[in-house]
Amino acid sequence: MALSEKHKMLTGELYLASDPELQADSAATIAWLARYNGNLGLSPAERTQVLGERLAAVGKGVVVRSPFHCDYGFNISLGDGVFINFNCVILDVVAVSIGDKTQIGPGVQILTADHPRDPAERESGLEFGRPVTIGRNVWIGAGALILPGVSIGDDALIGAGSVVTRDVPAGATVVGNPARIRD
């Protein structure tokens with residue numbers, strides 16, 4: 001039996017995003033996002049409850065300010081005390097894990113979705129994902145981009161506007177485009 005496109009997506013293999021099952025998941029996420037982003041007047045507990053309806057894990061004391069955008073939601077895990085500021089985009093075709101007490105500034109993009117480098121393969125519509133892991137007590141400044149496959153260690157600091165193309169060691173401060181360790 002052939003593997004489903006969703007299974008391929010979740011395991012980081014090449015898949016077709018146009019698959020009906022994935023399109024249905026995307027439509028459900030769009031409806032959920034409209035509800036989450038449109039209910040600013042809910043109490044913090046109610047907003048956390050709505051997050052828990054779609055995200056893989058939502059720790060205690062999580063705050064996600066609207067507007068928030070993601071592909072599916074069910075691949076996103078947020079640890080205790082995570083704070084995500086306005087206008088965060090998470091393309092979660094595979095797992096995105098964000099550790100306890102991490103703070104994410106406004107306009108940050110966390111991207112797992114990737115595309116083949118070969119033009120013929122890319123033209124076929126195939127894509128794939130590489131997971132992103134963000135450790136505990138990380139601070140990601142406004143407008144930073146975290147690219148597919150990156151791991152960020154505990155206590156790291158990502159400067160505003162930085163483009164993180166490689167793994168960041170625990171405790172490091174990285175800035176720039178591409179982000180480099182600052183001495």
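User: Which residues are exposed on the other side of H3?

Analyst: Ala45 and Gln49 are exposed there; exposed denotes over 50% relative accessible area, buried under 20% and partly exposed in between, with a 1.4 Å probe and protein chains only. The model is a predicted one, in which local features need pLDDT of at least 70, side-chain atom pairs count only at pLDDT 80 or more, and totals for chains, interfaces and linings use all residues. Residues are numbered from 1 along each chain as its sequence is written, and side-chain values use heavy atoms, leaving out hydrogens and water.

User: Why are the buried residues of H3 said to line one face of the helix?

Analyst: The buried residues of H3 (residues 44-54) are Arg47, Val50, Leu51 and Arg54. Seen down the axis of H3, they fall within an arc of 100 degrees, so they line one face of the helix; the arc is taken over the directions from the helix axis to the C-beta atoms. Helices are DSSP runs of H or I with at least four residues, strands are runs of E with at least two, and both are numbered from the N terminus.

User: What covers the buried residues of H3?

Analyst: The cover includes helix H2 (20-38), strand E2 (57-58) and strand E3 (63-64).

User: Why is the pair of Trp32 and Tyr36 called stacked?

Analyst: Rings of Phe, Tyr and Trp (its six-membered ring) pair if their centres lie within 6.5 Å; planes under 30 degrees apart count as stacked, over 60 as edge-to-face and the rest as tilted. The ring centres of Trp32 and Tyr36 are 5.9 Å apart and the planes stand at 20 degrees, so this pair is stacked. Both residues lie in helix H2, four residues apart, about one turn of the helix, and both are buried.

User: How do you know that Arg47 lies over the face of Tyr36?

Analyst: The criterion is that NZ of Lys or CZ of Arg is within 6 Å of the ring centre and within 35 degrees of the ring normal. Arg47 meets it over Tyr36, at 4.0 Å from the ring centre.

User: What makes a set of residues a nonpolar core, and which members of the largest one touch the most others?

Analyst: Such a core consists of buried Ala, Val, Leu, Ile, Met, Phe, Trp, Tyr and Cys residues joined through side-chain atoms within 4.5 Å. The largest has 36 residues, of which Ile98, Ile110, Ile140 and Ile152 touch the most other members. Its largest share, three residues, comes from H2.

Note on methods:
Contact = heavy atoms within 4.5 Å.
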